[in-house]
Amino acid sequence: MIVYHGSVEQIEKPEIREANRALDYGNGFYTTTSEEQAILWVKRKLGRKGGKGYVNVYELDETSILHLDVLHFTTPTEEWLDFVMANRTDIKFQHTHDIV
């Protein structure tokens with residue numbers, strides 16, 4: 001599976017960094033399966049800072065995540081909303097999932 005990460009920097013080796021603000025899905029390295037969404041994210045970041053942006057492309061071997069705890073939301077359900085709101089409103093909120 002191909003995934004994309006929009007950024008103002010080229011990132012060869014993704015890292016999970018502690019966030020200094022509340023994020024929708026908690027701390028982590030955010031990717032999308034939509035190249036268009038990654039491009040829009042870069043444009044949004046550049047609108048504030050100017051400069052050069054990048055759409056980093058990675059190939060995810062889906063078999064490598066079979067042993068991980070994956071929380072998958074296919075649609076915006078009440079469970080999804082509760083999860084996002086917990087992350088947005090409590091910077092100390094921690095979940096136990098490897099991938100969301």
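Tutor: Begin with burial: a residue is buried under 20% relative accessible area, exposed over 50%, and partly exposed in between (1.4 Å probe, protein chains only). This is a predicted model, in which local features need pLDDT of at least 70 and side-chain atom pairs count only at pLDDT 80 or more, while totals for chains, interfaces and linings use all residues. Residues are numbered from 1 along each chain as its sequence is written, and side-chain values use heavy atoms, with hydrogens and water left out.

Student: Is Asn87 buried or exposed?

Tutor: Asn87 counts as buried because its relative accessible area is 4%. For the chain, 20% of the 100 residues are buried.

Student: Which helix holds Asn87?

Tutor: Helices (H or I, at least four residues) and strands (E, at least two) are DSSP runs, numbered from the N terminus. Asn87 belongs to helix H2, residues 78-89. The chain has two helices and two strands, in the order β-α-β-α along the sequence.

Student: What does Asn87 touch?

Tutor: A contact means heavy atoms within 4.5 Å. Leaving out residues up to four places away in sequence, Asn87 touches Ala22, Leu23, Asp24, Tyr25, Gly26, Phe93 and His95.

Student: Which backbone oxygen does the side chain of Asn87 reach?

Tutor: A polar contact is a pair of N or O atoms within 3.5 Å; within protein, one must be able to donate a hydrogen and the other to accept it, and residues adjacent in sequence count only if both atoms are side-chain atoms. Here the side chain of Asn87 reaches the backbone oxygen of Asp24, at 3.3 Å.

Student: Where does Val8 lie, and why does Val8 count as partly exposed?

Tutor: Val8 sits in the loop between strand E1 (2-7) and helix H1 (35-49). Val8 counts as partly exposed because its relative accessibility is 30%. Beyond four places in sequence, Val8 touches Lys45, Leu46, Lys52, Gly53 and Tyr54. Lys45 is 37 residues from Val8 along the chain, and the two C-alpha atoms are 7.2 Å apart.

Student: How many bridges pair E1 with strand E2?

Tutor: Two strands pair if DSSP finds at least two bridges between them. E1 and E2 (residues 54-59) are antiparallel, with six bridges. In one example, His5 has Asn56 of E2 as its bridge partner. E1 is also mostly covered, with five of its six residues buried.

Student: What share of the contacts in the chain with a separation of 6 or more joins residues 24 or more positions apart?

Tutor: That share is 72%.
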